[in-house]
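Hi,

Here is the structure I said I'd pass on.

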Amino acid sequence: MINAQWPRWVSEARVGNRKGGASARPKPPTSPYFGWDSDDWPEVTRNLLAQQPLSGETLVDAVLSSWRSIFESTLGSGFRIGADIRPSPQIMGFFLHALIPLELAVGDPNWRADANATEKDLVYQPDPSYSIEIKTSSHKDQIFGNRSFGVDNPGKGKKAKDGYYAAVNFEKWSDVPRGIPRIRLIRYGWLDHTDWIAQASQTGQQSSLPAIVANTQLLTLYSAE
């Protein structure tokens with residue numbers, strides 16, 4: 001259903017097409033998706049995004065600008081990432097985490113980076129309920145959390161795991177042996193702590209999202225393909 005009150009970028013955000021994977025866990029009563037059939041989850045997500053002070057266009061611009069700046073910057077005696085240095089995906093993700101809030105704060109000082117472990121990565125100072133967690137990954141279309149994301153703890157003692165998320169997937173160096181990796185996907189939406197599925201093994205370190213959750217609760221704003 002298209003709502004005439006949605007901003008254009010919200011109406012045009014696309015549902016994903018990942019297949020398979022684990023089943024979604026039940027939604028808690030506090031979830032904005034509680035009581036809605038999964039067929040309606042994209043509309044719930046659009047309604048949540050329509051309330052966000054950070055528009056999709058602004059988010060996409062900040063992500064792409066941050067990514068470009070990584071390769072335009074110099075280190076040491078004029079060394080460049082991509083030409084002289086090829087950092088690991090974890091470091092490339094760290095750069096994005098650090099730069100995206102800075103880029104957004106330049107255009108709107110209401111936004112800032114987190115100042116402690118209880119805050120989301122991107123803090124909206126007038127109303128922290130609109131703050132955003134940033135997840136980056138070199139996987140082609142998935143994001144991951146640590147195992148604690150998939151256990152029944154909504155974030156007590158640390159940052160809450162419920163709320164708005166921006167998901168950014170980027171290419172690995174091995175994907176472009178003679179070129180510069182690109183941003184693959186930028187997605188935007190809402191996740192509850194119960195959406196994450198922890199690895200079954202107690203020694204596993206990751207949690208991930210079922211396809212139905214990733215497809216309908218993180219809508220695609222940008223795709224390189």
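**What I found**

Leu75, Phe79 and Ile85 together make a nonpolar surface patch of about 240 Å². Keep in mind as you look that this is a predicted model. Of that trio, Leu75 sits in strand S1, which covers residues 74-75.

Now for a helix. Helix H2 (residues 41-50) is largely enclosed by the rest of the structure, because seven of its ten residues are buried. Which ones are they? In H2, the buried residues are Trp41, Pro42, Val44, Thr45, Arg46, Leu48 and Leu49. The cover over them includes two helices, H1 (8-12) and H5 (211-217). Strands S7 (163-170), S8 (183-191) and S11 (218-223) are also among what covers the buried residues of H2.

My last stop is a lysine. Lys120 is in the loop that runs between strand S3 (111-113) and strand S4 (122-124). Lys120 is buried, yet it has no salt bridge. How far away is the nearest side chain of opposite charge? That side chain belongs to Glu133, and it is 5.7 Å away, whereas a salt bridge needs the atoms within 4 Å. What Lys120 does have is a polar atom of its side chain 2.9 Å from the backbone oxygen of Asp162. Leaving aside neighbours within four places in sequence, Lys120 is in contact with several residues, including Asp114, Ser131, Ile132, Lys159 and Gly163.

How values were computed. Residues numbered from 1 in each chain as written. Predicted model: local features only at pLDDT ≥ 70, side-chain atom pairs only at ≥ 80, totals over all residues. Heavy atoms only, no water. Helix = DSSP H or I, 4+ residues; strand = E, 2+ residues; numbered from the N terminus. Buried < 20%, exposed > 50% of the residue type's maximum accessible area, 1.4 Å probe, protein only. Lys, Arg positive; Asp, Glu negative; His and termini not counted. Polar contact = N/O pair within 3.5 Å; in protein donor to acceptor, adjacent residues only side chain to side chain. Contact = heavy atoms within 4.5 Å. Patch = residues over 30% accessible without salt bridge, like charges linked within 9 Å, V, L, I, M, F, W, Y side chains within 5 Å. Areas by Shrake-Rupley, 256 points an atom, 1.4 Å probe, with all protein chains shown as cover.
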